[in-house]
Amino acid sequence: MNFFSLFKRNLIYNFKKKISIDNDNINIDSLDDLFYHYGSDKADVFKKTQNEGHGYSQFYEQELEKLKNKKINILEIGSYAGASAAAFVKYLPESNVFCFDINISNFEFKSKKIHVFGLDVNNRKKTIKTMNMIVDKYQIKEFDIIIDDGSHNLSDILIILKFFFKYLKNKGL
């Protein structure tokens, strides 16, 4: 990804009107229903097409139930429009979600608990710089949860695993 493409996408992200979720007062307890509500393909049914979604919600809910009222930090690599980040923030009200995506111009949601970074994680130098900024600005050295939903190419997955594993807390997910 070249500099101008990322710059353009960051510019669009900064000027695009986003939906604030901080005061939407929805009363949904199920993570699957939250995924559906915000339009994440992680739901059992993908809202935009009404077709079968990926159905990750049962796994996530089983693993995250014990963290519901704990202060945690989540790193989501590959956030697309931010639907799953919005759902995680509502399901885990004490969480902060840090979103990395190569194309943040698609991002639709905003919250004081969602932090979005336009980043090609294959650019090691930029990724290191971004991680150092998160450590300095947010005082976060490790994440409780790291989700890789970016590139689905095995070589990219291995690069992400190798680089980001050191940022996962002991006994993190």
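## Helix H3 and the cores

In helix H3 (residues 57-64), the buried residues are Ser57, Tyr60 and Leu64; buried means under 20% relative accessible area and exposed over 50%, with partly exposed in between (1.4 Å probe, protein chains only). Viewed down the axis of H3, these buried residues fall within an arc of 65°, so they line one face of the helix; the arc is that of the directions from the helix axis to the C-beta atoms. An α-helix has 3.6 residues a turn, so residues three or four places apart point the same way. Gln58, Phe59 and Gln62, on the other side of H3, are exposed. The cover over the buried residues of H3 includes helix H2 (31-38), helix H4 (83-91) and strand E8 (145-148), where contact means heavy atoms within 4.5 Å.

This is a predicted model, in which local features need pLDDT of at least 70 and side-chain atom pairs count only at pLDDT 80 or more, while totals for chains, interfaces and linings use all residues. Residues are numbered from 1 along each chain as its sequence is written, and side-chain values use heavy atoms, with hydrogens and water left out.

A nonpolar core is a set of buried Ala, Val, Leu, Ile, Met, Phe, Trp, Tyr and Cys residues joined through side-chain atoms within 4.5 Å. The largest has 29 residues, and those with the most contacts inside it are Leu31, Tyr38, Leu64, Ile74, Phe88 and Ile114. At least two residues of this core come from each of H2, H3, strand E4 (72-77), H4, strand E5 (95-101), strand E7 (114-118) and E8. H4 gives the most, with seven residues. Leaving aside neighbours within four places in sequence, Ile114 is in contact with Ile21, Ala85, Ala86, Val89, Val97, Cys99 and Phe107. A second, separate core of 15 residues includes Leu119, Met131, Ile134 and Tyr167.

## Whole protein

The protein has six helices and eight strands, with helices (H or I, at least four residues) and strands (E, at least two) being DSSP runs numbered from the N terminus. The radius of gyration, taken over C-alpha atoms, is 15 Å, close to the 16 Å that the globule rule gives for 173 residues, so the protein is as compact as a globular protein of that length. That rule is 2.2 Å times the number of residues to the power 0.38.

| Property of the protein | Value |
|---|---|
| Span of the C-alpha trace along its principal axes | about 40 × 35 × 30 Å |
| Buried residues | 43% of the 173 residues |
| Contacts with a separation of 6 or more that join residues 24 or more positions apart | 57% |
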